[in-house]
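Me: I would like to go through this model with you and ask, for each label, what value stands behind it. Please set the value against the cut-off wherever one is needed.

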Amino acid sequence: MSNGGGAPSSTTHLLDFLEEPIPGVGTYDDFHTIDWVREKCKDRERHRKINSKKKESAWEFTKSLYDAWSGWLVVTLTGLASGALAGLIDIAADWMNDLKEGVCLSAMWFNHEQCCWTSNETTFAERDKCPQWKSWAELILGQAEGPGSYIMNYFMYIYWALSFAFLAVCLVKVFAPYACGSGIPEIKTILSGFIIRGYLGKWTLMIKTITLVLAVASGLSLGKEGPLVHVACCCGNIFSYLFPKYSKNEAKKREVLSAASAAGVSVAFGAPIGGVLFSLEEVSYYFPLKTLWRSFFAALVAAFVLRSINPFGNSRLVLFLTWEYHTPWYLFELIPFILLGVFGGLWGAFFIRANIAWCRRRKSTRFGKYPVLEVILVAAITAVVAFPNPYTRQNTSELIKELFTDCGPLESSQLCQYRSQMNGSKAFSDNPNRPAGPGVYAAMWQLCLALIFKIIMTIFTFGLKVPSGLFIPSMAIGAIAGRIVGIAMEQLAYYHHDWFLFKEWCEVGADCITPGLYAMVGAAACLGGVTRMTVSLVVIVFELTGGLEYIVPLMAAVMTSKWVGDAFGREGIYEAHIRLNGYPFLDAKEEFTHTTLARDVMRPRHSDPPLAVLTQDDLTVEELQATINETSYNGFPVIVSKESQRLVGFALRRDITIAIENARRKQEGIMLNSRVYFTQHAPTLPADSPRPLKLRSILDMSPFTVTDHTPMEIVVDIFRKLGLRQCLVTHNGRLLGIITKKDILRHMAQMADQDPESIMFN
């Protein structure tokens with residue numbers, strides 16, 4: 001492997017900068033990949049310049065301090081904005097979700113729970129009923145009970161659900177098409193170095209914040225946690241423009257976006273450490289140690305702001321935060337925990353295949369041309385089917401909270417309606433658990449129906465043209481399955497307490513099985529099966545519950561779900577959507593096991609026209625422009641001459657165009673027949689020839705090169721680890737061809753028996 005045959009040593013600067021850099025050179029077009037090596041070199045050059053000047057005056061020293069602290073300042077602002085927006089979204093979504101069922105007459109801005117806080121007329125069994133809160137049937141018909149009131153409430157529920165969904169999809173379609181979806185596949189792609197202009201802009205932020213509230217309130221099977229990562233990254237992107245260190249360097253900007261994604265998960269789950277690990281494990285492409293510290297700080301600030309806002313009025317960051325688990329788990333319970341992991345893996349594999357098949361069908365048929373109609377249709381089906389079942393009617397976060405909560409003396413949920421264990425004045429102290437009452441059995445049937453409903457609707461909802469997260473629906477599916485398994489185990493332990501397993505492990509007179517714990521493990525398993533997250537997921541769930549003793553069950557379930565899911569396909573839902581959209585993303589988790597060489601992948605192939613190259617000193621401006629106009633390549637290798645084919649460097653198409661336009665504006669005598677040269681000194685020209693144009697400043701003097709016999713396994717690793725856009729192929733110092741990131745993606749698709757053109761972004 002060589003590093004630019006005939007080029008200077010690596011100690012020289014990447015670019016031969018002019019005293020006055022050409023404006024626009026070094027920037028990127030939309031839907032192009034950044035050059036990480038070039039961006040890092042630019043940043044080092046900038047840093048050297050600041051350090052060399054800081055001793056010249058107090059002003060230069062102050063500028064150096066500002067530069068050093070700007071990173072911490074931008075992540076602080078990002079954390080503050082993310083926490084504030086998350087609090088606003090939580091409060092608004094909670095209020096609008098309850099608006100579907102009724103309204104608080106004493107204070108319109110109160111949701112159902114807040115409305116009844118000050119009431120003295122609530123009962124223990126019906127603590128959510130108070131005179132201040134009126135259902136729509138009471139307001140319109142004047143009656144709270146009966147078939148007429150049920151139908152009226154049913155109708156109003158559907159009306160509000162459709163109104164919210166319609167408003168959300170219209171706002172997205174008209175003002176910010178990038179505000180749809182979860183945003184995590186695109187953020188992963190952007191963090192890998194791809195440019196999608198407007199995706200993290202102010203319009204996207206504003207519309208995503210508004211429509212996320214509407215989408216969640218519409219009752220669709222989606223969550224706000226994934227889109228909160230997109231919202232936080234929008235904040236990070238906007239604030240990075242306040243600091244030249246980040247606004248003028250795409251690689252540095254991505255460090256801020258990594259920290260922003262950590263802040264997004266921090267406010268989504270109230271899990272700052274889980275947020276940092278999520279950024280590291282799931283979304284970030286380049287994650288140096290400095291970014292780790294800043295991500296931690298951004299997550300801390302965001303969580304602190306959300307805690308100060310206190311959106312749920314219970315001093316907790318998340319609605320389904322549960323800290324009341326203190327009962328131990330027993331070794332035999334690992335069997336149902338692992339079975340829940342198997343269920344999570346199977347659900348994940350099934351969901352990915354079904355959802356991708358539906359999204360592909362949406363893209364390839366006329367149905368995809370009517371996004372508003374599709375959202376209205378899915379919202380209508382969801383509302384009609386969800387209302388009769390109390391577990392699908394309620395907010396998904398509230399459902400998860402109810403499933404996670406252990407049954408205690410203060411719980412009035414149907415899931416906690418066990419038969420009394422008292423016989424006269426004496427309890428059945430030799431039986432560890434409690435027999436289920438009619439309420440529990442009814443709840444089991446309703447949960448089974450809710451499970452089927454959630455599985456089907458989530459497949460069709462994820463990918464709609466509204467903000468839609470996948471974390472909460474996946475956790476809800478796992479929590480329902482886990483609670484069902486937990487109650488089944490609890491009843492087994494009650495009716496068969498003399499079995500060897502229960503007799504050996506369960507203490508007499510104590511609760512042996514905790515159904516809420518099974519819900520928690522099931523939620524983690526299903527989310528792991530869909531996203532293939534491991535470490536960050538366990539830490540997020542651990543931070544949600546505060547139960548250190550449950551880390552082993554969580555780890556067992558999450559790892560099992562990953563292994564089972566990987567058996568059907570190694571990519572998670574976000575990687576699958578990246579591939580579906582054709583983003584140029586080289587997944588670090590994907591192994592390249594083929595034995596091809598660089599010459600098998602490079603262009604030009606045998607049937608292709610020769611490689612488009614520029615010579616270092618014998619082209620005219622007219623010939624150079626003709627080469628640019630006749631080709632669509634993003635850059636051109638510069639060689640000594642057509643005969644020698646010895647490599648000098650690499651020049652980008654955009655930089656050449658900008659440099660020529662700039663020269664015509666600022667330099668007199670530049671004509672179509674002016675000689676263009678990339679060398680240090682101008683070539684010898686006749687006396688009557690027009691002024692030559694020097695373009696050495698835009699030339700990359702050390703393009704990365706490999707020989708034609710380099711194994712593609714090594715080439716792929718180089719592209720992944722250095723973030724290259726292209727790599728030149730040489731043989732004995734002579735230029736043979738070029739390999740771009742898209743060539744590698746095409747080759748990998750071909751090797752996997754996929755259509756190589758299907759992975760290109762459109």
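Me: What is the accessible surface of the protein chain, and what share of it belongs to carbon and sulfur atoms?

Reply: Bearing in mind that this is a predicted model, the accessible surface of the protein chain comes to about 33,500 Å², and carbon and sulfur atoms account for 61% of that area.

Me: What makes Cys104 and Cys115 a disulfide?

Reply: The computed distance from S to S is 2.1 Å, and a pair of cysteine sulfur atoms counts as a disulfide when it lies within 2.5 Å, so Cys104 and Cys115 meet the criterion. A search of the whole structure finds one disulfide, and the link of Cys104 and Cys115 is right-handed, with 80° about the S-S bond.

Me: Why is Cys104 called buried, and why does Cys115 count as buried?

Reply: Buried means under 20% relative accessible area; Cys104 has 0% and Cys115 has 1%, so each of these values falls under the cut-off.

Me: How do you know that Cys359 is buried, and that Cys727 counts as buried?

Reply: The reasoning rests on the cut-off of 20%: the relative accessible area of Cys359 is 4%, and Cys727 is at 1%, so both are classed as buried.

Key:
Residues are numbered from 1 along each chain as its sequence is written. This is a predicted model: local features need pLDDT of at least 70, side-chain atom pairs count only at pLDDT 80 or more; totals for chains, interfaces and linings use all residues. Side-chain values use heavy atoms; hydrogens and water are left out. Accessible areas come from the Shrake-Rupley method with a 1.4 Å probe; for residues, only the protein chains shown count as cover. Buried means under 20% relative accessible area, exposed over 50%, partly exposed in between (1.4 Å probe, protein chains only).
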